Amino acid sequence: MKSTKVTSALVAAGILASSVAAAAGWNPSEWLSRPAQQVAAAPAAASAAPSAPIAAMTAPNYRAIVQRYGPAVVGINTEGMVKASARGMPQVDEDDPFYQFFRGMPGMQGKPNGGNAPRALVHGQGSGFIVGADGIILTNAHVVRDAQEVTVKLQDRREYKAKVLGSDPATDVAVLKIDAHNLPVVNLGNPKQLAVGDYVLAIGAPFGFEQSATSGIVSAKGRSLPGDGYVPFIQTDVAVNPGNSGGPLFDAGGAVVGINSQIYSQTGGYMGLSFAIPIDVALSVKDQIVATGKVSRAQLGVTVQELNQSLADSFKLPQPEGALVASLVPGGAAAKAGLQPGDVILAYNGQPITASGDLPALVGMAKPGDRASIDIWRNGKKETLSATLSGATEKVAAAAGQENAPRGKLGVAVRPLSPEESRQANLNGGLLVEGAGGAAARSGIEPGDIIVAVNGTRITSAADLQKLVGEAGKQLAVLVQRGDEKIFLPVKLG
């Protein structure tokens with residue numbers, strides 16, 4: 001079971017993956033059906049001609065999809081050892097991503113223990129689906145995580161011991177192989193053709209109830225979740241619960257467009273927000289695992305952040321779209337290509353970057369050595385750069401490597417960095433903030449921050465800072481280094 005800690009936009013609850021450690025005693029109710037209803041268009045403005053009603057969409061033939069492709073959906077049972085408490089309860093580390101979910105499940109009520117705790121046998125359940133008639137199966141990496149034994153159960157109740165060919169925690173995709181032939185397989189679709197509002201269907205084993213089907217619509221596309229930067233998730237309102245993890249998400253035509261992976265929940269159960277890994281992402285991982293047993297992922301070597309209206313105004317962007325470059329890996333692909341902090345990445349290989357989360361997913365689909373065309377916004381105009389992507393595990397070469405300013409309009413007291421501070425911060429230039437008030441404090445600048453750049457121009461002295469603040473209008477984009485991170489802060493002067 002995978003659990004993701006919540007940050008920023010996901011404050012109120014956690015992201016929980018949907019496999020299950022033990023079946024709960026729950027009796028499912030009968031299904032209810034509802035005819036499709038005609039949806040009327042929103043009223044037009046009084047001065048405009050009224051628009052015609054939108055024709056009702058006929059619901060897909062879910063029965064046919066289940067009958068045709070249900071036999072290719074499998075149940076997955078695992079056995080593994082986890083730490084146990086002194087009372088003999090199955091146990092996990094407090095920092096383990098599964099702990100927040102497991103602690104509420106039967107048999108997992110003990111408190112976290114240290115590394116010397118005894119170990120106990122734990123059974124897990126999930127779902128998967130057959131993509132190769134020779135026994136190749138896709139599921140979630142978290143379903144088979146730390147499993148010593150994996151058993152696959154087909155719809156006809158045959159069971160096979162499965163071999164884990166490989167798994168990729170970054171995308172939460174795993175590939176299994178069973179010794180069987182002439183198996184039923186799913187039809188694979190194209191998630192890029194999905195649109196918000198389209199019908200979708202999930203088949204899996206929630207709480208261990210095999211071959212359960214639930215339906216809904218696509219709620220959003222390209223969702224970026226904390227800790228899952230390589231996956232542009234498909235968000236749906238399909239009922240997905242523990243045990244559904246790894247099962248297929250079908251479109252209205254019966255083609256698999258995703259792997260059900262996570263849910264957004266405050267209780268551990270379904271609350272109306274489910275997330276699936278696009279099948280094209282999963283197939284890219286599968287092909288690498290089958291060919292080499294591992295996944296090689298490209299790296300651009302850049303840290304990006306979301307743009308809001310204030311930052312967009314600071315960079316004179318027409319609207320807050322794109323990925324704002326906050327920092328670069330010294331010697332990385334982006335640095336070699338000439339990207340700079342303060343650049344806004346607008347497109348990657350011709351694909352528009354609407355939100356910052358779009359970029360990691362696109363880069364993650366590439367291979368080390370691939371070339372990428374990057375459209376950026378710099379100094380009020382568009383430019384195009386070319387980068388050769390490095391490997392995600394490659395080491396890159398380190399980059400080569402005074403006075404207090406009056407508080408003024410910005411409201412900061414600063415001093416140059418000492419040579420030792422520059423070495424520790426890995427910076428050549430910048431000003432250490434010793435005091436912050438006024439506009440700076442309101443924007444979130446704190447003592448201890450290092451001001452690196454203003455409106456994309458690097459700061460080497462207090463005179464630089466004074467000049468840039470004086471020349472600016474009422475809006476600044478200040479790049480600060482805080483600890484090991486660089487972030488842009490929009491500052492309104494007044």
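This is a predicted model: local features need pLDDT of at least 70, side-chain atom pairs count only at pLDDT 80 or more; totals for chains, interfaces and linings use all residues.
Let us start with the largest nonpolar core, which has 29 residues. Those that touch the most other members are Phe129, Leu138, Val186, Phe250, Ile259, Ile277 and Ile279. Several elements give two or more residues to this core: helices H1 (62-69) and H3 (279-292), together with strands S5 (119-132), S6 (136-139), S9 (173-177), S11 (199-204), S15 (255-265) and S16 (274-278). Of these, H3 supplies the largest share, six residues. In soluble globular proteins, nonpolar side chains tend to be buried together.

Beyond its neighbours within four places in sequence, isoleucine 279 is in contact with Phe129, Leu138, Leu188, Gly189, Pro191, Val256, Val257, Gly258 and Ile259.

Next, turn to threonine 78, which sits in strand S3 (residues 73-84). Is threonine 78 buried or exposed? Its relative accessible area is 8%, so threonine 78 counts as buried, the cut-off being under 20%. Leaving out residues up to four places away in sequence, threonine 78 touches Val122, His123, Gly124, Val143, Val144, Ala147, Glu149 and Val150.

You will find glycine 411 in the loop between strand S24 (390-391) and strand S25 (412-416). Glycine 411 is buried, with a relative accessibility of 8%. Its contacts, again not counting residues up to four places away in sequence, are Gly435, Ala436, Gly437 and Ala440. Along the chain, glycine 411 and leucine 493 are 82 residues apart, while 9.3 Å separates their C-alpha atoms.

Our last stop is helix H9 (residues 462-471), where Ala462, Leu465, Leu468 and Val469 are buried. Why do these buried residues line one face of the helix? Viewed down the axis of H9, they fall within an arc of 130°, which means that they share one face. The general rule behind such a pattern is that an α-helix has 3.6 residues a turn, so residues three or four places apart point the same way. Lys467, Gly470 and Glu471, on the other side of H9, are exposed. And what covers the buried residues of H9? The cover includes S25, strand S26 (431-436), strand S27 (450-454), strand S28 (457-458) and strand S29 (475-482).

How values were computed
Residues are numbered from 1 along each chain as its sequence is written. Side-chain values use heavy atoms; hydrogens and water are left out. A nonpolar core is a set of buried Ala, Val, Leu, Ile, Met, Phe, Trp, Tyr and Cys residues joined through side-chain atoms within 4.5 Å. Buried means under 20% relative accessible area, exposed over 50%, partly exposed in between (1.4 Å probe, protein chains only). Helices (H or I, at least four residues) and strands (E, at least two) are DSSP runs, numbered from the N terminus. Contact means heavy atoms within 4.5 Å. The arc is that of the directions from the helix axis to the C-beta atoms.
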